Every structure is written in C-alpha cells, then in structure tokens.
Amino acid sequence: MNRHRVGPSARRLLRSPARLYDWNLGWLLGHRFVRLTHVGRRSGRHYQTMLEVIGTRTNPTEVIVIAGLGRSADWYQNIQAGPAVEIAIGALRWCPTFRELDESEAARTLADYERRSRFVAPLVRRALSWLVGWRYDGSDEGRRRLVAELPIVAFRPDV
C-alpha cells in the first residue's frame, strides 16, 4: 500500500483550528470540526487532535469522524488503548465514549457526507485517494474499500 505521510507544514495547518478552542472561540468553527483530547498510550501525556465532522446523529447525540491516516493514526490508537478525555465542538465540551461504525453504516455515513458536500466532493476524493494510495472514485465498491482501510468513529457523551 502506498500511503502518504502528512508533512510538518500540513500538520501545523491542520492544527491551526485548535487555537480557536484554546482561546474559547471554538464556536466560530460551528459543528464542522471537533477537537479530541486523548491520552498517549505510551507517554501518558494529553494530546489534542482536530478532526473534521463527517456526520452527526441526534438520538443519541453523536459526532462522526474519519481516521484519515487509518488505524495507524495516533489518536485512533490512543482511544483504543484508553478512554478519550474530551470532545469540544462549537461551544460544547463533553467527556466522550466512542464506537467504530460497522462497514455498512460507515459507507452510508460517508455517502451522506459526500452528498451534503457535493461541491467539494472532488477535492475530498482526491485527498482521500492521496491518503490511501489508490484512486477513490466515490463508487459503492470504492466506498466499501475505503471504510475498510479508514475507520469511521462516532463519539457521544459518556453518561
């Protein structure tokens, strides 16, 4: 598999929305991004990762994200090893629990996201193709293959 790594400049750019949460201005981002606070599985340090929301559910409340770097993403491995500390979305913050969507629910969620984002869908497909190392075309078969490689995770408040 010919996956690409995100370079330091791109990482800084992707982390820049987190500063808004640091300044209590996360509401400016609306519900497009979440900031996940998680604990390093080896270091025990707290880390914060910005993730794009690709879907939401209201009953129960869930925000759904995709692990763009796959199962090797640090945040993904960290929440597998121990509980996430906090989700911040807009002006809301909560202690989350998570679940990984099964293949059919993940594919439906991704298809819904692409429909809602149809004007930027070609850019999304190009970015996802770059991340997985093969051409993602948005077909049902391609979507199933993609969600098998890139887990889709739902966070909800821990009750």
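Me: Which residue in the turn of the hairpin formed by E1 and E2 has a positive phi?
Reply: In this predicted model, strand E1 (residues 33–39) and strand E2 (residues 46–58) run antiparallel and are joined by seven bridges. Six residues lie between E1 and E2 in the hairpin. The residue in that turn with a positive phi, about 80°, is Gly-44.

Me: What is the bridge partner of Val-34 in E2?
Reply: E1 covers residues 33–39 and E2 covers residues 46–58, and the strands are antiparallel. Within this pairing, the E2 partner of Val-34 is Leu-51.

Me: How many residues lie between E2 and E3 in their hairpin?
Reply: E2 also pairs with strand E3 (residues 61–66), in the antiparallel sense and over five bridges. The number of residues between E2 and E3 in the hairpin is two.

Me: How many residues apart in sequence are the parts tied together by Asp-74 and Arg-41?
Reply: The side chains of Asp-74 and Arg-41 meet in a salt bridge, 3.3 Å from N to O. Asp-74 belongs to helix H2 (residues 74–81) and Arg-41 to the loop between E1 and E2, so the pair ties together parts whose separation in sequence is 33 residues.

Me: Is Arg-41 buried, partly exposed or exposed?
Reply: Buried requires under 20% relative accessible area and exposed over 50%. The relative accessibility of Arg-41 is 29%, so Arg-41 counts as partly exposed.

Me: Which strand holds the salt-bridge partner of Glu-105, Arg-57?
Reply: Glu-105 and Arg-57 form a salt bridge with their closest N and O atoms 3.3 Å apart. Glu-105 lies in helix H3 (residues 103–116), so the pair ties together parts 48 residues apart in sequence, with Arg-57 in strand E2.

Me: Which residues are linked with Glu-105 in a network of salt bridges?
Reply: Glu-105 counts as buried at 13% relative accessibility, whereas Arg-57 counts as partly exposed at 28%. Both take part in a network of salt bridges. Besides Glu-105, the linked residues are Arg-57, Glu-62, Arg-99 and Arg-156.

Me: How far apart are the closest N and O atoms of Arg-93 and Glu-86?
Reply: The salt bridges in the structure come to 13, and one of them joins Arg-93 to Glu-86. Arg-93 is partly exposed at 39% relative accessibility. The closest N and O atoms of Arg-93 and Glu-86 are separated by 3.5 Å.

Me: What is the angle between the planes of Trp-75 and Tyr-76?
Reply: There are four aromatic pairs in the structure. Trp-75 and Tyr-76 make an edge-to-face pair, 6.1 Å centre to centre. Trp-75 is buried at 6% relative accessible area, and Tyr-76 is buried at 5%. The angle between the planes of Trp-75 and Tyr-76 is 90°.

Me: The charged end of which residue sits over the ring of Trp-134?
Reply: Trp-134 is buried at 11% relative accessibility, and so is Tyr-136 at 3%. The charged end over the ring of Trp-134, 3.8 Å from its centre, belongs to Arg-145.

Me: Which helix holds Leu-123?
Reply: Leu-123 forms a nonpolar surface patch with Phe-119 and Val-120, with about 340 Å² of accessible area together. At 54% relative accessibility, Leu-123 counts as exposed. The helix in which Leu-123 is found, residues 121–132, is H4.

Methods. Residues are numbered from 1 along each chain as its sequence is written. This is a predicted model: local features need pLDDT of at least 70, side-chain atom pairs count only at pLDDT 80 or more; totals for chains, interfaces and linings use all residues. Side-chain values use heavy atoms; hydrogens and water are left out. Rings of Phe, Tyr and Trp (its six-membered ring) pair if their centres lie within 6.5 Å; planes under 30 degrees apart count as stacked, over 60 as edge-to-face and the rest as tilted. Buried means under 20% relative accessible area, exposed over 50%, partly exposed in between (1.4 Å probe, protein chains only). A charge sits over a ring if NZ of Lys or CZ of Arg is within 6 Å of the ring centre and within 35 degrees of the ring normal. Patches are made of residues with over 30% relative accessible area and no salt bridge: like charges are joined within 9 Å, nonpolar side chains (Val, Leu, Ile, Met, Phe, Trp, Tyr) within 5 Å. Accessible areas come from the Shrake-Rupley method with a 1.4 Å probe; for residues, only the protein chains shown count as cover. A salt bridge is a side-chain nitrogen of Lys or Arg within 4 Å of a carboxyl oxygen of Asp or Glu. Helices (H or I, at least four residues) and strands (E, at least two) are DSSP runs, numbered from the N terminus. Two strands pair if DSSP finds at least two bridges between them.
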